[in-house]
Amino acid sequence: TTSSMTETTTTTQTNIPLSFSTVGNFDSSLNNRSSRRFQSLARNIIGGLNRVYGADRNYRGAMVNNFRNGSIIANCTLTYNTTSTTPSASTVVRQLLNNLENGTNLGNVTLFPSSIRSDGTTVNNLEPISLNISFVIEDEVFNTNLTDMASAPFTTLRSRVINWLDPVLTSVFGPSIMSNYSVSFSNASTMVLVFTTVQINTTNFANQTMLRDLYIENITASGFDIVISSIQVNGENLETNRFPLQFRFTNLNFTADLNMRGSSRFRALSANVTNVVNGIFRNNSDFVDIVVNGFASGSILCDTTISVQQNSISQAAVTQTLANNADAFNNANLRLDVNALTDTTTTMAPTTTTATMTTTPATTMPTVNRPEPPRPFPGFAVAIIVMCGLALLTLPFVIVLCVKSGYCSKMANAFRLESPDNLDLRLPMFGGRSYNFN
């Protein structure tokens, strides 16, 4: 217990003992706190401990109490602000062990790792680390049988969950995992929220972010449709923005079985919508997942929540991308009503599966650009084009005719700037004769 591992000296601080052996020869100068060797070694050790434990905001500092023989054993004290999260002796030992450079060095001081001790805790009797893993299964329907640990649905689902969790943990920690998984199920908007705790005998720390990402990478091995944004390891989950979005499919008719998440039609249609959206955003690293919350009548309205990486793409950009890929829905026999998707009056309340997930409140959906339908080609324009074409084809023949008949030269003479007395008006229209107007 904490009382056996720590010593509370004031109401605001907790002192935790820590000792370890370092490489070197002990001599009497190390009994003298004022000696140069004592102060030099103590200063190096304190600097190394501050680097190891200093990231904890409740850490106040370290002190070397004394040295004793055994190569050189350093007896130290770590001081923390007293809080509910003050580290245990096992945490202190494990943290130092996992932060030694090259497995042995605390700065320029070389330790014997197996000698690290805090009270009676050593590297050989560390408390197991506890992992709390939770996630939401979208394609399983919660029912009261899942609260009965003796029921067949509970035991079956528990076994499937452990069969997914265990290989991932074993790949990280080896076969040191304890077998006492604690699994419980609860209702998450008719979906199943899984919460499991497992104890692991290891000298290593659990990298919560790495484990979370490892489970995300191995989702397909689970056999479940797991909501990616819901996966948490010791409270570490993806930071996301979540957008409510409603699709309308005009070629489908609503039936009562779409009110039941467990029905075959609900499952099939939900999977179809999910696959199409996942395919559209396949190459977009900001997209996280889509959750189908339910269906309603009007041909069929599909209420969904889309999650993206926090502070990445906007709701308008997500909607525009979906509108631009209406053919992907059509190819899956989902005739998407683009106008309904991009309607600025569409609103929808978000569904939250975990308390720590970032949720975008229901607001008026931003305006999205919709491509205008092409205008029909006017009929009068066709007539104009045909007439102009005929005129262009006829023009060469008219020019040739005028040249052959001499009409061009006669017209040129007619328009010459000369007095009428000198003008020859023998034109074809006068029968080729000359007429004197004097």
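Buried means under 20% relative accessible area, exposed means over 50%, and partly exposed lies in between (1.4 Å probe, protein chains only). The model is predicted: local features need pLDDT of at least 70, side-chain atom pairs count only at pLDDT 80 or more, and totals for chains, interfaces and linings use all residues. Residues are numbered from 1 along each chain as its sequence is written, and side-chain values use heavy atoms, with hydrogens and water left out.

View 1. The chain holds 11 helices and 16 strands. These are DSSP runs numbered from the N terminus (helices: H or I, at least four residues; strands: E, at least two). Of the 438 residues in the chain, 39% are buried. Among contacts (heavy atoms within 4.5 Å) with a separation of 6 or more, 67% join residues 24 or more positions apart. The accessible surface comes to about 23800 Å². Carbon and sulfur atoms account for 52% of that surface. Areas come from the Shrake-Rupley method with a 1.4 Å probe; for residues, only the protein chains shown count as cover.

**View 2. The largest nonpolar core, with 33 residues.** Such a core is a set of buried Ala, Val, Leu, Ile, Met, Phe, Trp, Tyr and Cys residues joined through side-chain atoms within 4.5 Å. Leu 131, Phe 135, Leu 169, Phe 185 and Tyr 215 touch the most other members. Two or more residues come from each of strand S9 (129–137), helix H4 (152–173), strand S10 (182–188), strand S11 (191–200) and helix H5 (208–217). H4 contributes the most, with 9 residues. In soluble globular proteins, nonpolar side chains tend to be buried together.

**View 3. Leu 131 and its neighbours.** Residues up to four places away in sequence are not counted here. The partners of Leu 131 include Leu 169, Phe 173, Leu 211 and Ala 206. Thr 196, Thr 197, Val 198 and Ile 200 are also touched by Leu 131. Val 233 and Asn 234 complete the list of its contacts.

**View 4. Ser 134 in strand S9.** Ser 134 is buried, because its relative accessibility is 9%.

View 5. Ser 314 sits in the loop between strand S16 (300–309) and helix H7 (315–324). Ser 314 is partly exposed, with 37% relative accessible area. A polar atom of the Ser 314 side chain lies 3.1 Å from the backbone nitrogen of Ala 317. Arg 242 is 72 residues from Ser 314 in sequence, yet their C-alpha atoms are 9.9 Å apart. Within H7, the buried residues are Gln 315, Val 318, Thr 319, Gln 320, Leu 322 and Ala 323. Their cover includes strand S14 (240–249), helix H6 (264–280), S16, helix H8 (326–331) and helix H9 (338–341).

**View 6. The salt bridge between Arg 37 and Asp 27.** A salt bridge puts a side-chain nitrogen of Lys or Arg within 4 Å of a carboxyl oxygen of Asp or Glu. By this rule the count is 5. In this pair the closest N and O atoms are 2.7 Å apart. Arg 37 lies in helix H2 (residues 36–53), and Asp 27 in the loop between strand S2 (13–22) and H2. The two are 10 residues apart. Arg 37 is partly exposed at 31% relative accessibility. Asp 27 is also partly exposed, with a relative accessible area of 31%. Side chains of opposite charge can pair when their charged atoms come close.

**View 7. The salt-bridge network of Arg 212, Asp 213 and Glu 236.** The side chains of Arg 212 and Asp 213 meet at 2.8 Å, N to O. Arg 212 is buried, with a relative accessible area of 8%. Asp 213 is partly exposed at 28%.

**View 8. The salt bridge between Arg 248 and Asp 337.** The N to O distance is 2.7 Å. Arg 248 lies in strand S14 and Asp 337 in the loop between H8 and H9, so the pair ties together parts 89 residues apart in sequence. Arg 248 is partly exposed, with 26% relative accessible area. Asp 337 counts as buried at 17%.

View 9. Val 382, Val 386, Met 387, Leu 390 and Leu 393 make a patch of about 500 Å². Patch residues have over 30% relative accessible area and no salt bridge; like charges are joined within 9 Å, and nonpolar side chains (Val, Leu, Ile, Met, Phe, Trp, Tyr) within 5 Å. Leu 393 is in helix H10 (residues 379–405). Leu 393 is exposed, because its relative accessible area is 60%.

Methods. Polar contact = N/O pair within 3.5 Å; in protein donor to acceptor, adjacent residues only side chain to side chain.
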